[in-house]
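Me: I'm new to this one. Can you walk me through it once it's up?
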Amino acid sequence: MRLAEHKYRTTSRIAGQLLHVENVHAARIGEVVRVVGPDNIELEGEILEVAKGNVLIQLFGETRGFNLENAEIIFTDTIRQVPLGKDILGRRFNGSFQPIDGLPMFLASEWRPARGYPINPVCRLRPEEFIETGISAIDGLNTLVKGQKLPIFSCAGLPAKELVAQILQNAKLRESSKSFAVIFVALGLTFHEYSFYLKALQDIESEFVAIINMADDPVMERLMAPRFALTVAEYLAFDQDMDILVLVTDMTNYCDALREISNARKELPGRRGYPGYMYSDLASLYERAGRIKGSKGSITMIPVITMPEDDITHPIPDLTGYITEGQIVLSRELHQQGVFPPIDVLPSLSRLMQKGIGAQRTREDHRDLANQLYKHYAKGRELKKLEAIVGRDGMAEPDQLLLDFAAIFENQFIHQGTDARTIYKTLDKGLEILKAFNLVSDSFIEIQSEE
Amino acid sequence: MKTVTTGKIISISGATVRTDLTGLTLFERVSVGEQNLTGEVVRLEKDSTVLQIYEDPSGLGLDEPVKGLGVSLETTLGPGLLSVMFDGLQRNLDVLADKTGSFIHPIHLPSSLDLKKEWSFTPLVKNGVTVSSGDKIGYIDEGPFQHPIIVPPGKSGRIENILQGSITLEEPLCLLDNGYEIFGYHRWPMRIPRPYKNKISPQEPVITGQRIIDFLFPLARGGTSIIPGGFGTGKTILEQTIAKHADVDIVIYAGCGERGNEMSELIEEFLELEDPRNNCPLMERTVLVVNTSNMPVAAREASIYTAVTLGEYYRDLGFHVLLLADSISRWAEALREISSSLEEMPGEEGYPTYLASRLSSFVERAGIVETMSGDIGSLSMILSVSPPGGDFTEPVTQSLLRTAGAFLMLDTTLANSRHFPAISWVQSYSLYQNILEDYFREKFSEDWQNLRNRCREIMHKEESLKEIMEIVGIEGLQEQDRLVMTVAEEIRNSFLAQNAYTDDAFCDPGKTLDIIRSITELYLKEQNKKREKQT
């Protein structure tokens, strides 16, 4: 502990949001600094590197107007903490965690470091409680469970936000759980998208916390906003026993911010210029989802990613897919066919589905039904490629049937417009299509819904 | 042993710290800062030393103390390891949870093993006997099996006094005439391979219970298989299924930079499932080394060395050990992160140039050996690789291809059509196939090789026919070829595919042989029928 705040005016270099200060006596990694600039603008920053008396500081906010003489740097001797308290619900903040809803800051009952600590793997509880999203392609074939992190891989121009809004609207989580809240993190969002999401959030009538970083807000804040949000989520989930859904959009902007800052720090670039530590950095966010023993709450995470050039092997979706428990992939082709939601179930996957479905959770025949739908649709899609070469008439009759099945599956099962389907309706729909094509396997045991 | 020396931190950049402390040795373990974070010496200079911190360095400040501990990073070896879950630095995660709760905070734990626990020790040698490195002096009853206590490598002497009955690890249980005390446990520097008398060339397979592996791409005891695959191709499920069913004595599972939820699933399943050979929970033959992706990166780098040292220890006790690591790519990325924070010159794709040599010396720690005491023990490895973008031309896969004996390539197309395990029968290979030929022939069936060749032949034929079929359609194929397509589909669906969630998850080689034999016999019969019809 230092007895007084240390102030310096020894800035030696400013580059973007990075500040070098000389002749510093005591500094810690991760220590928060306040920088007072021209016209008494005050910015916060964090210490990245210390080498003898030289300190490298990353600033949060706009550095325009700063020069080497007018910046006063105050070392606070604390690391970056997030204020927490029950009153946080219903509030909106910016990427520096300042309220932007016109109300004063809430009264914090405690403070925790924004970076968080890793969950001890032995304290994790296996995620297995089914969450009904009302969307057949997800509930039926890529089931979401409490505590899972399941990203949406979208492409520019596809209706990812409409899908997210529909999940919010329909998610049964909020009915089964008494205390449910959404934490919404906007990263580099345009005003158009922001107002869409805000309306969707206000429509659902459950409580939410929003942390908003707009497209013209400081890039550095994009790296902090999800960390603030997850610290809040951990507090609400594991201390207040709430079920929390964390919605982050758009992680592509986060990764671009990471690249920008890394480049400003003159670090070695990795694939496509993204830093080599991007995997670990993304993991430090995504892995904060989950459930822990001894707590009733949970953190479920749905990050939205826009795949640059529609390329799923691009480092951002690629590294994300290696960390998250599956992915929901949107398809341009289905979108053009007018299918909504345009989810391509073949590359989509939910790794935690096996534990979340079956008797007592959804319905006993769920697994069997999902496998059959999947198998025949995969076959049908493969035949579609063949059709493009030999033409429909050149194909055997059973193959033509599968082609029709794939088309009906897309138009009736995947496509559902804005209606919500219960899990029973989803399963019945799937069975109905299979039956219409005589594709139900002999070993299949039909289960009647209790609905 | 050197005395503890103290210095100060002069610079910090991420997890890389420079201290003015000199006189340390390379790879010496250090204690850094007021929180006593664990670190390792990575570079020595004339008036300063560069350290790598193995924990979250947040809050670390200038001028905080650095202590050299005079030893390198070590793994603690002895009874009490089984069914425990350790982190990359071999800290017991259950003990850690007691100390810091559900979230991991940097904290120093005195020992990886419970030194206070009472064990029952039965000596195998009497006072006056001369013993040397690796000799078994007795055993401790640990769960379902006897844990031999060996003379630590490099030590020898005549036994002056050996205890019997109830002991703890805290006290020596044997005194040698040269004053050396043998405890129930010892420590070994994790980056140095443990000694053995001779390496033997592999002759027996590890039966994994996966038909496609045992039949087409077998793994030898003491060999190494690699499993590269893009995300969603089922690497983790395959590794975990093998961990459950492989016919080995001890399983070391290293979860290196992977998902936390998967690990909790694994633990629960291992506690529920029984080892068919002794009806004890599978967990009792397993040691888990877990460093999930959000735990400190440097400890992730150390985790596979912790795991391999544990594996070698059980090998030295005369057991057959299987080390599964998921995934080596995450280890390589940790190496890259550390290397870049040390400002080393990068090689291909930013990986340090020593990536290939580190990997090959790691893989060489596998093997079947004659231990120092003359027993046979083996350490086999199955390593999963997560190539970025599913592109196998990347450096980690390529370096491993040069050292590993079997290559089980996971195919995204197969995974997308839900064919699991998604091992490609076209691109995979096993160099152990010829060595193991005799074993399979003697142990199972004379026509093992014939059947395998026939199965291969059909699958290859299907592959080339597929291309033709894409142009002319199935109707355009000749009758004989259409039969091949049908049989190949049957082989794919009821032989090569195996559901990890049903009883079919394990298939013994006898049954494997029965299935393939019945399919190929049917094929031959149909083929003959068609031929007769033609003539």
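Predicted model: local features only at pLDDT ≥ 70, side-chain atom pairs only at ≥ 80, totals over all residues.

Me: Got it. Where does Pro341(A) sit, then?
Reply: Pro341(A) is in a loop of chain A, between helix H9 (332-336) and strand S21 (343-350).

Me: What kind of peptide bond joins Phe340(A) and Pro341(A), cis or trans?
Reply: The bond is cis, with omega at about -5°. For background, most peptide bonds are trans.

Me: Which peptide bond in chain B is cis?
Reply: One runs from Asp326(B) to Ser327(B), with omega near 0°. Ser327(B) is in the loop between strand S24 (320-326) and H6 of chain B.

Me: Let's zoom out. How many helices and strands are in chain A?
Reply: Chain A has 13 helices and 21 strands. Its radius of gyration is 25 Å, close to the 22 Å that the globule rule gives for 451 residues, so chain A is as compact as a globular protein of that length.

Me: What box do its C-alpha atoms fill?
Reply: Roughly 80 × 50 × 40 Å, along the principal axes.

Me: And how much of chain A is buried?
Reply: Buried residues make up 53% of its 451 residues. As for contacts with a separation of 6 or more, 72% in chain A come from residues 24 or more positions apart.

Me: Now chain B. How many helices and strands there?
Reply: Chain B has 13 helices and 28 strands. The radius of gyration is 26 Å, close to the 24 Å from the globule rule for 535 residues, so chain B is as compact as a globular protein of that length. The C-alpha trace spans about 90 × 55 × 40 Å along its principal axes.

Me: What share of chain B is buried?
Reply: 51% of the 535 residues. Residues 24 or more positions apart supply 68% of the chain B contacts that have a separation of 6 or more.

Me: How many residues are in contact between the two chains?
Reply: On one side, 55 residues of chain B; on the other, 59 residues of chain A.

Me: Which elements of chain B give two or more residues to that side?
Reply: Strand S1 (5-13), helix H1 (93-100), helix H4 (260-272), helix H6 (328-341) and helix H11 (448-472). H4(B) gives the largest share, six residues.

Me: Switching to helix packing. At what angle do H7 and H8 of chain A cross?
Reply: At roughly 55°, with the axes of H7 (residues 278-286) and H8 (residues 315-323) coming within 10 Å. H7(A) and H8(A) are therefore oblique to each other. The crossing is right-handed.

Me: Which residues meet there?
Reply: From H7(A), Met278(A), Tyr279(A), Leu282(A), Ala283(A) and Tyr286(A). They meet Pro315(A), Leu319(A), Thr320(A) and Ile323(A) in H8(A). By class, that contact has eight nonpolar, one polar and no charged residues.

Me: How do H7 and H8 of chain B pack?
Reply: H7 (residues 355-363) and H8 (residues 395-403) pack at about 45°, with axes 9 Å apart. That makes H7(B) oblique to H8(B). The crossing of H7(B) and H8(B) is right-handed.

Me: And which residues meet in that pair?
Reply: Leu355(B), Ala356(B), Leu359(B), Ser360(B) and Val363(B) in H7(B) meet Pro395(B), Ser399(B), Leu400(B) and Thr403(B) in H8(B). The contact has six nonpolar, three polar and no charged residues.

Me: Last topic, backbone angles. What is phi of Gln360(A)?
Reply: Near 75°, a positive value in a residue other than glycine. Most residues other than glycine have a negative phi. Gln360(A) is in the loop between helix H10 (353-356) and H11 of chain A.

Me: Why does Gln360(A) count as exposed?
Reply: Because Gln360(A) has 8 C-beta neighbours inside 10 Å, and a residue with 12 or fewer is exposed.

Me: What about phi of Arg418(B)?
Reply: Phi of Arg418(B) is near 55°, also positive. Arg418(B) lies in the loop between helix H9 (412-416) and strand S28 (429-430) of chain B. With 17 other C-beta atoms within 10 Å, Arg418(B) is partly exposed.

Technical notes:
Residues numbered from 1 in each chain as written. Chains lettered and ligands numbered in written order. Axes fitted to C-alpha atoms, helices over the stretch in contact; angles between N-to-C directions. Helix = DSSP H or I, 4+ residues; strand = E, 2+ residues; numbered from the N terminus. Parallel < 35°, antiparallel > 145°, perpendicular 65-115°, else oblique. Left-handed = near helix turned anticlockwise from the far one by under 90°. Contact = placed C-beta atoms within 7 Å. Nonpolar A, V, L, I, M, F, W, Y, C, P; charged D, E, K, R; others polar. Rg over C-alpha atoms; globule rule 2.2 N^0.38 Å. Buried ≥ 20, exposed ≤ 12 C-beta atoms within 10 Å, placed from the backbone.
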